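Welcome! Have the model open as you read.

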Amino acid sequence: MSTNERDLIVGGQAVIEGVMMRTPNAYAIAVRKADGTIVNTAASLPKWSDKFPILKLPVLRGGAVLMQSMGLGIKALNYSAGEAFVEQEEAETAEVKVLTPAVIEGEGVFAGITGGLPGVFPIPKKQKRAKDVRKGGTAAAASSIVFAMIFNVLLFVAAPLLLTNALFVAAGWAARPAVVSTAKPANTVGETPGVPRDRAETTLERTWNSVRTYLHPVRPTVGFNLIDGMIRMSFFLIMIVSFSLLKDIRRVFEYHGAEHKTVFTWEKGLDLNVANARVQPRQHPRCGTSFLMVVMLVSILLFSVIKFDSLLFNFLVRIALIPVVAGLSYEIIRLSAKKETGAFFKIITKPGVWLQNVTTKEPDDSQLEVAITALKESLKLEPASREPELAPLS
């Protein structure tokens, strides 16, 4: 293996009964079919920056990488489902089901340096018409993906923002608005002020007034966004731990471990075989979970600068700035990855390494074989002559 090859950073993603591996200029997906054989597909990656030179600029390139990663990740999940279940028949239905949640997880999401897109995405279940999943064009698959994206926004953006706002109002850290009573004022001598003659304030009205109180817009500060980020992280941890208890997701986590072991084998310059991969650790410091801290810190600072006295505007700005947060995080990750032995890199990756005790499981030799096949197929499409570079987003 040449020095240039050894410096080439690879990344990947666990999929259904398989692994997607990505090198700077290509990707490959390998899947273990029900009959035990391994099938794979590989292709060169389009260079968006060649067509749109502006995407070579710092920050912008990170946002582009995020979008490309999401598309490739969902494509890999659909391909793997179609191949893994192609020979399995379900007599109950011939329709495609795409409701089981999966975390797009792996290593290589940010240019081979990291690889985790926190969130829930639908993956196809066992089905009769697997060819429809491979094409990825069914209405059921499209609607499920749209639903999953909306669910992610509500869970990881809207809910933390609303909960943090209510917490600040309840704790007295923000001014409470004056409550306007909906009751008609008394106008007869002897009547109690504020109590209408014909009716008392209804339960619905009291509830609405209470909701308006707690949702009175709080102008975000660093402290506000810190709590918002901690709530978001808590939701993610609960989701990950819950999913790890599901049998199907546990299999995905085992392939995640196989992917990490294969990447370690490549980085150490060893021959890509099961024996060498088996003894490698399954927790990798460049896994996407290791960089959730970076994303959280960037979002805390950015949302503290761009803020409004409106819950709706603060919600919309969080959605609009997702590519910016991704771009800034990407630049930080690029710089830190060049100095993997540095203190900063070790600090920001430590929480993710701990979390990988949940998101990765020990793979067996057959799973390692699949991951190795994916990496070998991707490497075949790399140019013969190249300078060391970072793998594009996976």
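One aromatic cluster is formed by F168, W173 and F224. This is a predicted model, in which local features need pLDDT of at least 70 and side-chain atom pairs count only at pLDDT 80 or more, while totals for chains, interfaces and linings use all residues. Residues are numbered from 1 along each chain as its sequence is written, and side-chain values use heavy atoms, with hydrogens and water left out.

How many aromatic pairs does the structure hold? There are four aromatic pairs, where rings of Phe, Tyr and Trp (its six-membered ring) pair if their centres lie within 6.5 Å. F168 and F224 form a tilted pair, with 5.1 Å from centre to centre and 55 degrees between the planes; planes under 30 degrees apart count as stacked, over 60 as edge-to-face and the rest as tilted. Because F168 lies in helix α5 (residues 139-170) and F224 in helix α7 (residues 222-244), the pair ties together parts that are 56 residues apart in sequence. Helices here are DSSP runs (H or I, at least four residues), numbered from the N terminus. Both F168 and F224 are buried, where buried means under 20% relative accessible area, exposed over 50% and partly exposed in between (1.4 Å probe, protein chains only).

Now for two helix contacts. Their axes are lines fitted to C-alpha atoms over the stretch in contact, and angles run from 0 to 180 degrees between N-to-C directions.

| Helices | Angle | Axis distance |
|---|---|---|
| α8 (residues 247-267) and α14 (residues 365-380) | about 55 degrees | 8 Å apart |
| α7 and α13 (residues 343-359) | roughly 30 degrees | within 9 Å |

α8 and α14 are therefore oblique to each other, whereas α7 and α13 are roughly parallel; angles under 35 degrees count as roughly parallel, over 145 as roughly antiparallel, 65 to 115 as roughly perpendicular and the rest as oblique.

In the contact of α7 with α13 (heavy atoms within 4.5 Å), F236, L237, I240, V241 and S244 of α7 meet L355, V358 and T359 of α13. These residues divide into six nonpolar, two polar and no charged. Here Ala, Val, Leu, Ile, Met, Phe, Trp, Tyr, Cys and Pro count as nonpolar, Asp, Glu, Lys and Arg as charged, and the others, Gly among them, as polar.

Is K380 buried or exposed? At 60% relative accessibility, K380 counts as exposed.

How values were computed: Helices (H or I, at least four residues) and strands (E, at least two) are DSSP runs, numbered from the N terminus.
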